[in-house]
Amino acid sequence: MQKKKVQINERDSEGFTPLLIACQYGYEEVVKILLTNPFIEINVENSKGETPLITSCIQGYFGIMKMLLEDKRTNLNFENRLRLSAFYFSCALGKTEVVEYMLKRDDLVVNRICNETETPLMIASKNGFVEIVRLLLKDPRTDINAGNFFRRTALINACYEGHYEIVKLFLEDPRVSVNLQERTGNTAFWFACFNGQLDIIRLMLADQRININQPDNFGRTPLFAASRSQNSFALMQWILASGRELNIDAVDSQGKSIIEYSTDLKKMDVVELLQSFKQNPKQTTIEMRIRLGLAGIYLFILFLLLFIFSFFLVN
């Protein structure tokens, strides 16, 4: 019996046992046979620290993963040497079917911050896997506002990477704290401005919960971030056209205003726009709304007044 135990768990030069090899290449029938052996080491690691469960999840072999999870010997929440679990890998790699199955387990650790970098929700948001994010948000165990070592949240990740549909899911969830700041004081909206994510900025401007004037640790508001982006002029147009109250007089830690900051960046079109807004905010907002096709009501009133005026002139 002891001889059989040694043979079935024998490792190659990379630490692979027969079970690990079968999981690596998707040999479902072989895995099924191996699991019937009472001496099988089901949570064995290869040289990379990957177990049979982690390996099957990475490779996307749902049938093998299901067999392993149905075996009571399998440690569902086992983490490799980088402190990454099978659930984390499934969320990171977009294995929707696997994630959905794992979420049915009561003993699943859903909010583990793996390797001090991300929770499963955070990595799925960062990598743009909408359906996995949707599944995680439906699970009451999910901490939607969890932050990593740098205090970045899933919403911040989605805004930074430009995943519109995921940002929309978060904003529709009443549990989300939209103004959380990461370690340097930047919010999700700040990062959306910094990376020039116009569609996301337009979406967030419509959400009155979002503080669009929140400065970072260096006093830089989202306007400063928008000024640095490649499409800064377009961003500024939409921000000014939103009608939201803007703190255009805010200064950074060096005492520079957004106009001075944009001047240093040689963004003269942005400077001209901001100067116009500072002199006459309401008029500039209306002009921006007309330019962007958002001023239907203003145009209607204008044409109505012109019609009335012309009517009286004729009569």
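Cys23 counts as buried, at 0% relative accessibility, where buried means under 20% relative accessible area, exposed over 50% and partly exposed in between (1.4 Å probe, protein chains only). Cys91 is buried too, again at 0%. This is a predicted model, so local features need pLDDT of at least 70 and side-chain atom pairs count only at pLDDT 80 or more, while totals for chains, interfaces and linings use all residues. Residues are numbered from 1 along each chain as its sequence is written, and side-chain values use heavy atoms, with hydrogens and water left out.

**Cysteines**
- The structure holds zero disulfides, a disulfide being a pair of cysteine sulfur atoms within 2.5 Å.
- For Cys23, the closest cysteine sulfur is in Cys57, 9.7 Å away, which is too far for a bond.

**Helix 15**
- Helix 15 spans residues 232–241 and is mostly covered, with eight of its ten residues buried; helices (H or I, at least four residues) and strands (E, at least two) are DSSP runs, numbered from the N terminus.
- Among the buried residues are Leu235, Met236, Trp238 and Ile239.
- Their cover includes helix 12 (188–194), helix 14 (222–228) and helix 17 (268–279).

**Salt bridges**
- Side chains of opposite charge can pair when their charged atoms come close.
- There are twelve salt bridges in the structure, each a side-chain nitrogen of Lys or Arg within 4 Å of a carboxyl oxygen of Asp or Glu.
- Asp207 pairs with Arg209, their closest N and O atoms being 2.6 Å apart; Asp207 is buried at 12%, whereas Arg209 is partly exposed at 36%.
- Arg134 and Glu131 form another, at 3.3 Å between the closest N and O atoms, and because they are three residues apart in helix 9 (residues 130–138), about one helical turn separates them.
- Asp107 and Arg105 meet at 3.0 Å, N to O, with Asp107 partly exposed at 41% and Arg105 partly exposed at 22%.

**Around helix 3**
- Tyr27 sits in the loop between helix 2 (18–25) and helix 3 (28–34), and is partly exposed at 44% relative accessibility.
- Asn37 lies in the loop between helix 3 and helix 4 (52–59) and is buried, with a relative accessible area of 19%.
- Leaving aside neighbours within four places in sequence, Asn37 is in contact with Ile8 and Arg73, contact meaning heavy atoms within 4.5 Å.
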